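Student: I have a model open and want to learn how to read it. Can we go through the features one by one?

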Amino acid sequence: MSDLKKQATSMHRAASGLRGVGHHTAKPLAEFSAQQHDLKALGALLGAKGEIEKGMATLSGLAKQLEQEWESEAKFIGEVSDAFDLLDVLLAAAQGKKG
């Protein structure tokens, strides 16, 4: 197996793993987001309920952005992997014509 083929296979696996991140983070993120409005006791105790809610909302938003970025990275890695596959085929064909 050529080095390009190994790289392409590795990149396909990485892209697949990145695409699955959302499945693992969806439930914890939903639970976390649901709790941001249920901080009455803690907010009263600390006198900072509004700031805590803003912070939790910000963290939730950042987690969503990170997930979107990972999805974009997974797509890009998949495209690079496909390009490596094509390059490998073209190199093999070119070498076949020489040999």
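Tutor: Start with the order of elements. Along the sequence, the protein follows the pattern α-α-α-α. Helices (H or I, at least four residues) and strands (E, at least two) are DSSP runs, numbered from the N terminus. The protein has four helices and zero strands.

Student: What should I know about the model before reading on?

Tutor: This is a predicted model, in which local features need pLDDT of at least 70, side-chain atom pairs count only at pLDDT 80 or more, and totals for chains, interfaces and linings use all residues. Residues are numbered from 1 along each chain as its sequence is written, and side-chain values use heavy atoms, with hydrogens and water left out.

Student: How many residues does the protein have, and what share counts as buried?

Tutor: Buried means under 20% relative accessible area, exposed over 50%, partly exposed in between (1.4 Å probe, protein chains only). Of the 99 residues of the protein, 19% count as buried. The accessible surface of the protein comes to about 7,300 Å². Carbon and sulfur atoms hold 61% of that surface. Such areas come from the Shrake-Rupley method with a 1.4 Å probe; for residues, only the protein chains shown count as cover.

Student: What share of the contacts in the protein with a separation of 6 or more comes from residues 24 or more positions apart?

Tutor: Contact means heavy atoms within 4.5 Å. Among contacts with a separation of 6 or more, 77% join residues 24 or more positions apart.

Student: How do I describe two packed helices?

Tutor: Use the angle between their axes and the distance between the axes. Axes are lines fitted to C-alpha atoms, for helices over the stretch in contact, and angles run from 0 to 180 degrees between N-to-C directions. Take helix α1 (residues 3-19) and helix α2 (residues 21-35): their axes come within 4 Å and cross at roughly 20°. So α1 and α2 are roughly parallel to each other. Angles under 35 degrees count as roughly parallel, over 145 as roughly antiparallel, 65 to 115 as roughly perpendicular and the rest as oblique.

Student: Which residues make the contact?

Tutor: G17, L18 and R19 of α1 meet V21, G22 and H23 of α2. These residues divide into two nonpolar, three polar and one charged. Ala, Val, Leu, Ile, Met, Phe, Trp, Tyr, Cys and Pro count as nonpolar, Asp, Glu, Lys and Arg as charged, and the others, Gly among them, as polar.

Student: How many salt bridges are there in the whole structure?

Tutor: Side chains of opposite charge can pair when their charged atoms come close. A salt bridge is a side-chain nitrogen of Lys or Arg within 4 Å of a carboxyl oxygen of Asp or Glu. A search of the whole structure finds two. K27 pairs with E31, the closest N and O atoms being 4.0 Å apart. K27 and E31 lie four residues apart in helix α2, so about one helical turn separates them. K27 is exposed at 57% relative accessible area, and E31 is partly exposed at 44%.

Student: Where is the other pair, K75 and E79?

Tutor: K75 and E79 are in helix α4 (residues 49-98), four residues apart, or about one helical turn. Their closest N and O atoms are 4.0 Å apart. K75 is exposed at 55%; E79 is partly exposed at 43%.

Student: Is S60 buried or exposed?

Tutor: S60, in helix α4, is buried at 8% relative accessibility. Beyond its neighbours within four places in sequence, S60 contacts L29, F32, S33 and Q36.

Student: Which residues does W70 contact, neighbours within four places aside?

Tutor: W70 contacts L18 and V21. W70 is also in helix α4 and is partly exposed at 31%.
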